[in-house]
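Subject: Structure handover

Hello,

Here is the structure I promised to pass on. Please open it alongside this note. My findings follow below.

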Amino acid sequence: MTPKANDDRPNPAPTAAPPGARTPSFSREDLANLQDSVRHYVKYILAKQWKYATPRDLLTAVSLAVRERVIDTLLETERRYRDARAKRMYYISMEFLMGRSVGNNLINLGIYDLVETALRDLGMEIEEVAETEPDAALGNGGLGRLAACFLDSLATMSMPGYGYGINYEFGLFRQSIKDGYQTELPDAWSNDHNPWLIERPESKYLVPIYGRVKEHTNGDNINNTWIDQRYVVGVGHDMPVIGFGGKTVNTLRLFSARSSGDFDVEIFNSGDYLRAVEDKIHSERISKVLYPSDAVTAGRELRLLQEYFLVYCSIRDILRRFSALYEFNWELIPEKAAVQLNDTHPALAVAEWMRTLVDEKGLSWERAWNITKKTLAYTNHTLRPEALERWSLPLVEKVLPRHLKIIYEINQRFLAEVSRTFPDDHERARRMSIIEESDPKNVRMAHLAVVGSHAVNGVAALHSRLLKTTILRDFNELWPDAFQNKTNGVTQRRWLLQANPELSKLLKSAIGDSWITNFDDLKRLEPFADDDAFLDELARVKQRNKYRLSRIITDLTGVEVDPHSLFDIQAKRIHLYKRQLLHVLLIIDEYLRIVEDGETPGVSRTHVFAGKAAPGYVAAKRVIKLIHGVAGIINNDARAKPWLRVVFLPDYRVSLAERVIPAADLSEQISTAGMEASGTGNMKFAMNGALTMGTLDGANIEIRDNVGEENVFIFGMKVDEVSKLSEPGAYKPMDYYQNNSRIRRVIDAIAGDRFCPDDLGLYRPIYDILMDPNDEYLHLADLESYMGRQQDATALYNNSREWSRRCALNIARVGVFSSDRTIREYARDIWGLKPVK
């Protein structure tokens with residue numbers, strides 16, 4: 001049987017406008033003024049008659065009308081910070097996955113109801129208008145979404161915090177599925193003018209690249225001068241970041257690359273028109289696309305150019321802001337500015353700060369290094385050594401010759417300190433060196449970031465512990481006080497208030513709305529976990545969210561699913577370490593037990609996958625194909641139809657996540673223990689009442705500790721067990737294959753043609769991964785435990801009241817996973833940042 005809420009009518013939930021938001025009353029005058037503004041912008045900005053205005057036109061007109069009051073607050077916020085001479089924090093990140101702006105901005109301003117009423121009076125529903133906004137494709141996955149959550153929290157808490165990123169013309173890619181294969185299409189999100197993006201021509205910087213270094217002596221000193229550079233122009237654009245309540249508006253500054261000269265007139269006049277604009281094309285490619293492929297030399301060079309472009313423009317802008325208040329008192333920089341490096345992408349900031357202070361400002365090396373190190377801090381996001389950036393010395397020397405000289409000097413002085421602390425330990429010095437003695441030699445960007453920062457943090461308790469005992473162990477032994485943990489968090493305003501309006505309304509009716517800005521107040525919900533009326537309404541809310549997602553699934557895939565089935569969802573970047581493949585093995589086992597063993601499952605299930613694979617990641621793309629192959633067989637088998645459905649939602653993005661997450665019953669967080677730094681999807685699902693099916697990895701451990709072990713489904717090996725099994729010769733997948741008939745049958749099904757009847761051997765490479773003793777993700781070692789815990793989930797789901805009770809306890813106990821808490825910890829322990837009310 002499957003549990004059903006008392007009221008399962010398919011009433012669609014609104015797409016935004018959470019009733020839990022504290023919306024001030026508005027007058028008829030407010031309404032009339034807003035409508036007049038919208039009509040004005042349709043006529044005088046878009047040059048259209050009202051009767052021809054499209055929903056997209058109204059999105060632009062509403063955004064421009066609202067933007068006026070946003071700019072007033074933005075300017076007032078800046079005045080407040082300047083008057084207070086407040087310290088500011090600058091968050092440099094290659095990604096900011098902002099999603100759609102209009103709904104979030106209206107909610108944070110407290111005027112959603114006003115705009116909704118105004119549009120309805122004008123003959124248009126706000127949901128239809130909001131759906132026309134493209135997601136701002138400025139990021140890929142968790143790294144960029146974390147950065148976006150942090151900006152929301154900074155603004156909500158009135159902290160002077162700014163983001164710096166690149167204004168990508170195209171995002172990572174738009175994912176399409178053709179015959180089960182991922183295909184990548186351009187994500188031209190910025191084709192339509194974004195009314196929330198404000199160009200800042202005064203924030204225009206001439207970025208030097210290439211050239212050579214000329215050495216000259218000055219007495220006993222050797223000086224280096226960077227000459228013969230080429231230049232590209234970085235132009236700033238501000239995206240307002242509105243804090244909840246609308247009292248503070250910070251900014252995300254994004255830089256676009258422009259040519260330093262549009263074209264060569266002489267060449268143009270000679271008739272070679274394409275070559276005349278060659279420099280323009282070459283320069284502007286820097287901000288053209290997020291993460292160009294690094295499989296080829298040109299792609300690697302472009303990535304390095306992007307990283308330096310971001311770092312140069314950000315540091316120039318920080319110094320411009322600083323000088324406007326403190327002139328040239330450079331020693332004050334660490335007291336007035338904190339810079340956070342979000343992963344290794346901005347690690348060149350270490351060398352660029354030194355180059356700027358030494359070469360341009362004339363400071364001694366020692367003074368410049370003291371300022372640089374006190375200003376910078378570094379967040380690590382991965383434990384996988386292959387994921388830590390390395391740039392070949394020849395490439396760095398070609399693109400940034402002066403910076404390579406500086407990096408050598410930093411490394412020489414650093415290794416001298418290592419030698420003083422650990423005399424004659426040459427192997428330690430080799431491990432810690434910023435320069436990797438490989439062929440060719442590489443610059444280790446994580447090492448550069450650690451050496452140049454006063455604080456280094458991981459993003460979950462386990463991750464931070466492993467950083468200090470594995471990949472950065474030597475650095476922790478040298479500077480133990482530099483290492484900290486800052487467990488990630490997500491903003492409840494986006495991922496609960498906006499994404500799940502009906503649940504927000506229910507929470508407000510039970511405990512009020514203080515949780516919107518103080519998420520710990522969700523603790524007051526705990527007594528309601530034993531309140532039958534509350535649990536019934538919680539089940540109805542979940543059911544309506546599942547009806548909504550069911551319609552989306554059918555629209556996107558053509559597959560009809562049972563909204564009363566258990567929605568088992570794994571939505572995240574496709575990667576072998578995240579183990580979507582393990583989930584597929586489970587599904588195959590479920591299917592074979594139905595069709596070969598004649599078993600009747602205890603519950604009907606809908607397995608939902610969503611996520612993108614990197615274009616060059618062949619194995620991950622094969623997993624996507626396997627998911628579709630398995631889905632194609634199962635979804636067309638009448639024997640399985642009452643019990644099992646498998647779907648893959650294409651082009652996963654923030655706006656789609658806001659529909660998927662509120663509908664989940666079970667949240668799949670099943671990475672190999674020790675592989676995931678933190679994860680933030682696990683937090684979003686839990687705060688929306690999904691139960692976690694997870695390994696002891698990343699923040700899953702802290703979720704278990706906070707919500708209670710009985711309220712999650714934990715399975716699989718611990719980190720120390722993974723470590724032992726990862727030793728040479730320890731992992732023997734053939735043993736699991738031979739000793740467990742269910743596992744053997746699943747593996748044989750993949751090796752055979754059951755799921756690829758028209759393309760024999762298609763999935764043989766996946767079979768090879770699973771049966772490889774060097775499979776670093778140890779899929780088969782955790783499979784039996786995973787199957788067992790899934791049976792436990794089935795049994796619990798059939799007890800609908802107990803399932804709802806545990807959902808309620810998950811919601812009540814996840815307050816610690818707000819990004820507000822994370823930001824408070826960064827501000828206190830690393831940045832020295834305070835609110836400016």
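This is a predicted model: local features need pLDDT of at least 70, side-chain atom pairs count only at pLDDT 80 or more; totals for chains, interfaces and linings use all residues.

**Around strand 20**

Strand 20 covers residues 666-669. Four bridges link strand 20 to strand 21 (residues 691-694), and the two run parallel. Strand 17 (residues 566-571) also runs parallel to strand 20, joined by two bridges. There, Asp-568 has Leu-666 of strand 20 as its bridge partner.

Both faces of strand 20 are covered. Leu-666 and Glu-668 are buried on one side. Ser-667 and Gln-669 are buried on the other.

Strand 20, helix 26 and strand 21 form a β-α-β unit, and the unit is right-handed. Helix 26 holds Asn-682. Is Asn-682 buried or exposed? Asn-682 counts as buried because its relative accessible area is 1%, and the cut-off for buried is under 20%. Beyond its neighbours within four places in sequence, Asn-682 contacts Ser-667, Gln-669, Ala-699, Asn-700 and Ile-703. Ser-667 and Gln-669 are the residues buried on one side of strand 20.

**Helix 21**

Helix 21 spans residues 501-511. Its buried residues are Pro-501, Glu-502, Leu-503, Ser-504, Leu-506, Leu-507 and Ile-511. What covers them? The cover includes helix 20 (492-498), helix 22 (532-557), helix 26 (681-687) and helix 33 (800-812). Gly-512 follows helix 21, with a positive phi near 85°.

**Helices 30 and 32**

Helix 30 (residues 741-751) and helix 32 (residues 779-797) have axes that come within 10 Å and cross at roughly 115°. The crossing is right-handed. Helix 30 brings Arg-742, Ile-743 and Ile-747 to the contact. Helix 32 meets them with Leu-780, Leu-783, Glu-784 and Met-787. Five residues of this contact are nonpolar, none is polar and two are charged.

Two bridges pair strand 13 with strand 14 (residues 442-444).

Over to you.

Best wishes

Key: Residues are numbered from 1 along each chain as its sequence is written. Side-chain values use heavy atoms; hydrogens and water are left out. Axes are lines fitted to C-alpha atoms, for helices over the stretch in contact, and angles run from 0 to 180 degrees between N-to-C directions. A crossing is left-handed if the near helix is turned anticlockwise from the far one by less than a right angle, and right-handed if clockwise. Contact means heavy atoms within 4.5 Å. Ala, Val, Leu, Ile, Met, Phe, Trp, Tyr, Cys and Pro count as nonpolar, Asp, Glu, Lys and Arg as charged, and the others, Gly among them, as polar. Buried means under 20% relative accessible area, exposed over 50%, partly exposed in between (1.4 Å probe, protein chains only). Two strands pair if DSSP finds at least two bridges between them. A crossover is right-handed if, with the strands pointing away from the viewer, the path from the first strand over the helix to the second runs clockwise.
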